[in-house]
Amino acid sequence: MHDPLFWALLGFALTTSCTPGPNNAMLTASGANFGFRRAVPHMLGIILGFPAMVLAIGFGLGTVFTALPWLHLALKYVGAAYMLYLAWRIATAGRGKGAGAAKPIGFFEAAGFQWVNPKAWIMGVGALAAYTLPEAPVWSEAARVAAAFLFSGVISCTLWCGFGVAIGRLLTSDRAFRLFNYAMALALVVSLIPVFIL
């Protein structure tokens, strides 16, 4: 397929999906604490949830935020509160082996998180603005962007969760796991800084 715009979009999707951000910090922690298999619902929530959000933005949800700026601000604060909650869950996660152990983030929780993830909004709106043709049908352009992120999401989620699994094998003590979880929780909290200074 000779479509330079699509290849540029795919490069953007891969780059933005694979760079550190809230989803990747949570996936790394999930892989380390619960293993690859138990983190699959978390991965699928991101892989399918983000393209669904891109489709919604492409079909006009972004214009709602332009018309109602207070709604965008409310989403920002709700998203920040939710990210702090998820950081707390990461910080207090165990190895996931005992009956009373913490549970990994599930499919619906991960899919829902995309709607309050600031990096996801920047990626989705940026891709729709830069890599679509105004003369083409909205549905086909939004579907192309969503497809690019679906593909890049599979790669990114697999890599970051696998990275977490590898780290988990290196952490041989409960203290090391706690320190790792604190570091991942802190990374998630730090990712909020750009949200409030931009």
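Helix α7 has 17 residues, and its first and last C-alpha atoms lie 24 Å apart, close to the 24 Å expected at 1.5 Å a residue. The expected span is 1.5 Å times one less than the number of residues in the helix. Helices (H or I, at least four residues) and strands (E, at least two) are DSSP runs, numbered from the N terminus. The model is predicted: local features need pLDDT of at least 70, side-chain atom pairs count only at pLDDT 80 or more, and totals for chains, interfaces and linings use all residues. Residues are numbered from 1 along each chain as its sequence is written, and side-chain values use heavy atoms, with hydrogens and water left out.

In α7, the buried residues are Phe177, Phe180, Asn181, Met184, Ala185 and Leu188. They are on the same side of α7, because they cover an arc of only 135 degrees around the axis. The arc is that of the directions from the helix axis to the C-beta atoms. Arg175 and Leu186 are exposed on the other side of α7. Here buried means under 20% relative accessible area, exposed means over 50%, and partly exposed lies in between (1.4 Å probe, protein chains only).

Leu186 also belongs to a nonpolar surface patch of about 420 Å², together with Leu84, Val189, Val190 and Ile193. Patches are made of residues with over 30% relative accessible area and no salt bridge; like charges are joined within 9 Å, and nonpolar side chains (Val, Leu, Ile, Met, Phe, Trp, Tyr) within 5 Å. Helix α7 (residues 174–190) gives the most to this patch, with three residues. Ile193 is found in helix α8 (residues 193–197), and Ile193 counts as partly exposed because its relative accessibility is 47%.

Helix α1 (residues 4–18) has 15 residues, which should span 21 Å at 1.5 Å a residue, and this agrees with the 21 Å between its end C-alpha atoms. Phe6, Leu9, Leu10, Ala13, Thr16 and Ser17 are the buried residues of α1. These residues fall within an arc of 140 degrees when seen down the axis of α1, so they line one face of the helix.

Side chains of opposite charge can pair when their charged atoms come close. A salt bridge is taken as a side-chain nitrogen of Lys or Arg within 4 Å of a carboxyl oxygen of Asp or Glu, and by this rule the count comes to two. In one of them, Glu109 pairs with Arg89, with the closest N and O atoms 2.6 Å apart. Glu109 lies in helix α4 (residues 107–113) and Arg89 in helix α3 (residues 69–91), so the pair ties together parts that are 20 residues apart in sequence. Glu109 is partly exposed, at 22% relative accessible area, whereas Arg89 counts as buried, at 18% relative accessibility. A salt bridge also joins the side chains of Arg144 and Glu141 (3.7 Å, N to O). Both residues lie in helix α6 (residues 138–170), three residues apart, about one turn of the helix. Arg144 and Glu141 are both buried.

The secondary structure of the chain comes to eight helices and zero strands. Of its 198 residues, 44% count as buried. Among contacts (heavy atoms within 4.5 Å) between residues at least 6 apart in sequence, 84% join residues at least 24 apart. The chain exposes about 10100 Å², of which carbon and sulfur atoms supply 74%. Accessible areas come from the Shrake-Rupley method with a 1.4 Å probe, and for residues only the protein chains shown count as cover.
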